[in-house]
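Open the model in your viewer and keep the selection panel at hand. We will go from the interface to a helix, then to the cores.

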Amino acid sequence: MSGNASSQSFLSRYVFSLDHRVIGLQYLFTAMALALVGGLLALIVRIQIAWPDHDFGLISALLPQGFDEGVMKPEFYAALFTMHGTIMIFFVLSAALIGGFGNYLIPLQVGAKDMAFPRLNALSYWIYAVSSVIMLSSFVVPSGPAASGWTAYPPLSALKGAIPGSNLGQDLWLVAMALFIVSFTLGGLNFLATILALRKPELSMMDLPLFTWSMLFVAILGLLAFPSLTAASVMLLLDRHAGTSFFIPMGLVLSGDPVPGGGGSPILWQHLFWFLGHPEVYILMLPSLGITSDLFTVFTGRRVFGYRSMVIAMALISGMSFLVWGHHMFVSGMSPFLGSAFAVTTTLIAVPSGVKVFNWIATLWNRPLQLTTPMLWALGIFSLFVTGGLSGIWLGQTQIDIQLHDTAFVVGHFHIIMAGAALFGVFAGLHYWFPLFFGRLMSERLGAAHFLLTFVFYYATFFPMHLAGLRGQVRRVYDPYQYEYLKPLQSMNAFITWAAVALALAQILFFINFFWSLKRGAPSGAHPWAAESLEWTEPESLAEGV
Amino acid sequence: MNPTTLAQRPSAIEHAARIGVVAALSATTMLFASLVSAYLVRRSFADWRPSSALWPFPLLALGLLASLGIEAAARSSGRRRRQGFKALAWASASYVVSALAVIASIALGQGGLGAPYQAFVALLLGVHLVHSLGATSFAVWMLREASGPPSENSLLLARLVTHFLTALLFAIIFLLFVLR
C-alpha cells in the first residue's frame with residue numbers, strides 16, 4: 001500500500017481504492033462470502049437428493065416460494081443447483097483465484113508498482129460486485145432464481161413462462177453474467193498489459209513464477225472464450241424480450257398453447273456456451289496448477305522440474321481447450337465423425353497434462369518435502385488433478401460418455417478435476433500468501449487438520465458419485481427414487497450427503513484459523529517460506545497492515 | 001498506488017495501452033466470430049428469408065468518413081490534429097444514430113425481429129454500434145483529458161480502433177448482403 005495510506009479515509013483506502021493489493025483482497029473477501037452461499041445451496045441440494053421428502057423447516061420459512069409445507073418444490077430444486085453452479089464456478093472460484101490472487105500478486109511477481117490500468121482494475125472489481133448482487137437478488141424476486149442449470153440451456157431459459165425460474169430470475173442471471181464477463185474482460189486485458197509491458201526489464205518471461213504464467217494464459221483464455229457467451233446471452237435476451245427466435249425451436253407448446261415464432265436451434269446455444277464452457281474449466285484449473293508448481297519449488301528447495309516444458313504444457317492446454325467443446329455435446333445428435341474428432345482432441349489434452357504430472361513427480365522425487373500446510377494443499381491438488389484427469393479420459397470417449405452423460409459420474413468428475421483442484425488452489429494460495437497479505441502466519445496445526453478433513457471428505461463426497469453414476473443415477477432429478485431402479489441407491493446418496501455435511505463442517509476450521517490468525521497469528525517476518533520469487537524478496541511488497 | 005507513479009514510465013504505459021487495446025479488439029473479434037458462426041448456421045434453416053435494402057450504403061459511407069477523418073488527423077499536427085479527432089467523433093456519433101435508426105426501422109417494419117434474417121441484421125448492427133459508441137466515448141474522453149493535442153500513442157490507438165471498426169462494418173455488410 002502506498003506510503004500515504006494513513007492519510008486516506010477509510011472509504012478511499014479500503015473501499016474505492018486503486019491499489020491492486022486492496023482490490024485483490026476485495027475480490028477474495030467477496031468470493032469468500034459468496035462461497036458460503038454457494039456451499040449452503042450445495043448442502044440443501046444434497047439433502048434433497050438423499051431424502052426427497054425432508055422437511056426443511058427454517059430454510060423453507062426463509063424462502064417460502066420454494067417450498068410447500070416445508071417440502072421442496074421440484075422447480076426450486078432446479079433453481080438451487082443452477083445458482084450453486086453459477087455462483088461457485090464464476091463468482092467464487094474464478095473471482096478468488098484470478099481476481100483475488102491475480103490482482104494482488106501479478107504486479108509484485110513481475111516487479112511493477114501496480115496494474116497497468118488501476119482505475120480499470122477498480123472498475124472491474126465493482127462491476128463484479130454489482131453482478132454478484134444482481135445474481136443474489138434473484139432469490140428475493142417472486143418467481144425465484146433462474147432454474148435452467150448453470151448452462152442455461154434453451155428452450156427452458158428462453159421461454160419466460162416455462163417454469164417460475166424462467167421469468168425475472170433468468171433475466172437477472174443473464175444480466176449478472178453479462179456484467180461478470182465485462183468485469184473479467186477488463187481484468188484480463190489489465191493482466192496481459194501488466195505482465196507484458198510493466199515487467200521489470202531485467203526479468204525475462206522465463207524467470208516468472210508459473211503462477212504468473214498461468215494468469216497470462218487465463219487472461220488470454222478469458223478474452224477469447226467469454227465473448228461467445230456474451231454473444232449467446234445477447235441473443236437469448238433478444239429471444240426472451242424482442243421476439244427473435246435464435247434458440248427457440250419450431251412447434252413448441254407451452255401450457256397447452258403453441259409458442260409463436262420459433263425455427264431457431266437450441267443446439268446453437270450449446271455450441272456457443274461450451275465454446276466458453278470448456279476453456280472456463282482451464283480458467284479455473286490453470287491458476288491452481290501454477291500455484292502447485294510454485295509451491296513444489298519452494299517446499300522441495302528445487303526449481304520445478306522442466307520449467308520450460310511446464311510453460312509449453314500450459315500453452316498447449318490453453319490452446320487445445322478451444323478444440324474440445326464438442327465433447328459436452330456427444331448426445332446432442334452430433335455427427336459420429338465430428339464426435340470422433342472431438343474425442344481425439346480431448347484425449348490429446350492428456351499429453352500436456354501428463355507432462356505436468358510427470359514433471360511434478362520428478363520435482364518431488366527423492367527430495368525431503370517440507371509438509372507445511374500450503375504444501376499439503378498443493379499435494380492435494382496433485383492428487384485431484386490425476387484422479388479427475390483419469391475419469392476425464394473416460395468421459396472424452398463418445399461410447400462411454402453417451403452412457404454416462406447427465407449422470408452423477410459427470411458430477412463427481414468435474415467436482416474433482418475442476419471444482420476441487422480450483423478450491424484446493426484457493427486454500428493453498430491463502431495459506432501460502434497469508435503472511436504477505438497480512439504480515440502474520442496462519443496456524444499450521446489448524447491448517448493441517450483442515451486439510452486432512454477436507455481431503456478425506458472431499459473424496460468421500462465425490463468419489464462415490466462415480467459409482468452412483470455407473471449404476472445409472474441421473475443428475476438434476478428432484479426425486480431420484482420415483483424411478484424404481486434408483487431406489488437401491490438411496491443409502492449411497494445418504495452416505496454422500498453425510499460426507500458433504502462433514503466437508504462443510506470441516507470448513508469451520510478454516511474460518512476459525514483465518515480470522516483468528518488475522519488478529520493473533522504469529523508475525524511472519526519477511527521470508528516465512530524462504531521463497532525466492534519477487535513478491536517475497538522485494539521489500540516494498542511486504543504487507544503494511546492491509 | 002497513484003496512477004501518476006506510472007506516468008513516470010511513459011514508454012511502458014504506452015506499451016501497456018497498446019496491449020490493452022489489442023486485447024480488447026481480440027475479444028471483440030471473438031464476439032463477432034461467435035455471432036457470425038451463429039448466422040452461418042441459422043441461414044441454412046428452412047425459414048431463412050433474406051431481404052434487401054439500401055441502408056448499408058449510408059452506414060458504410062459514415063464508417064469510411066470516420067476512417068478518413070482519423071487518417072487526416074494523423075497526417076496533420078497541432079490544432080488540425082485535434083480537429084481531426086473532433087471530425088472522427090462526429091462521424092462516429094452520426095453512424096451510431098443512423099445505425100439505431102436502421103435497427104428501429106427493422107424492428108418496427110414488416111415481420112419485425114421475428115424473421116431470422118432481420119433479427120441478425122439488427123443484432124450484428126446493434127453490437128457493432130455499441131462498440132462504436134464505446135470507441136466514440138473513448139475518443140471524446142481522450143480529447144477532454146488531453147490538455148494539448150493528442151499524443152502519437154493516442155493517435156495510433158485511435159487509428160487502430162477506428163479502422164478496425166470500419167473493417168468490421170464492411171465484413172458485416174459483406175456477410176449480410178453477399179452471404180445471405
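A salt bridge here is a side-chain nitrogen of Lys or Arg within 4 Å of a carboxyl oxygen of Asp or Glu. Select the interface of chain A and chain B: by that rule it has zero salt bridges. One residue pair, both at pLDDT 80 or more, is in polar contact between the chains (N or O atoms within 3.5 Å, one able to donate a hydrogen and the other to accept it; residues adjacent in sequence count only if both atoms are side-chain atoms).

This is a predicted model, in which local features need pLDDT of at least 70, side-chain atom pairs count only at pLDDT 80 or more, and totals for chains, interfaces and linings use all residues. Residues are numbered from 1 along each chain as written, chains are lettered from A in the order written, and side-chain values use heavy atoms, without hydrogens and water.

Now show contacts (heavy atoms within 4.5 Å). 39 residues of chain A touch 30 residues of chain B.

Next, select helix α6 of chain A, residues 168–197. Helices are DSSP runs of H or I, at least four residues, numbered from the N terminus. α6(A) reaches 43 Å from first C-alpha to last. Of its 30 residues, 24 are buried (under 20% relative accessible area, 1.4 Å probe, protein chains only).

Finish with the largest nonpolar core, of 224 residues. Such a core joins buried Ala, Val, Leu, Ile, Met, Phe, Trp, Tyr and Cys through side-chain atoms within 4.5 Å. Select A:Phe101, A:Trp213, A:Met235, A:Trp433 and A:Phe437, which touch the most other members. Helix α4 (residues 74–110) of chain A gives the largest share, 24 residues.

Technical notes. Helix = DSSP H or I, 4+ residues; strand = E, 2+ residues; numbered from the N terminus. Expected span 1.5 Å × (residues − 1). Buried < 20%, exposed > 50% of the residue type's maximum accessible area, 1.4 Å probe, protein only.
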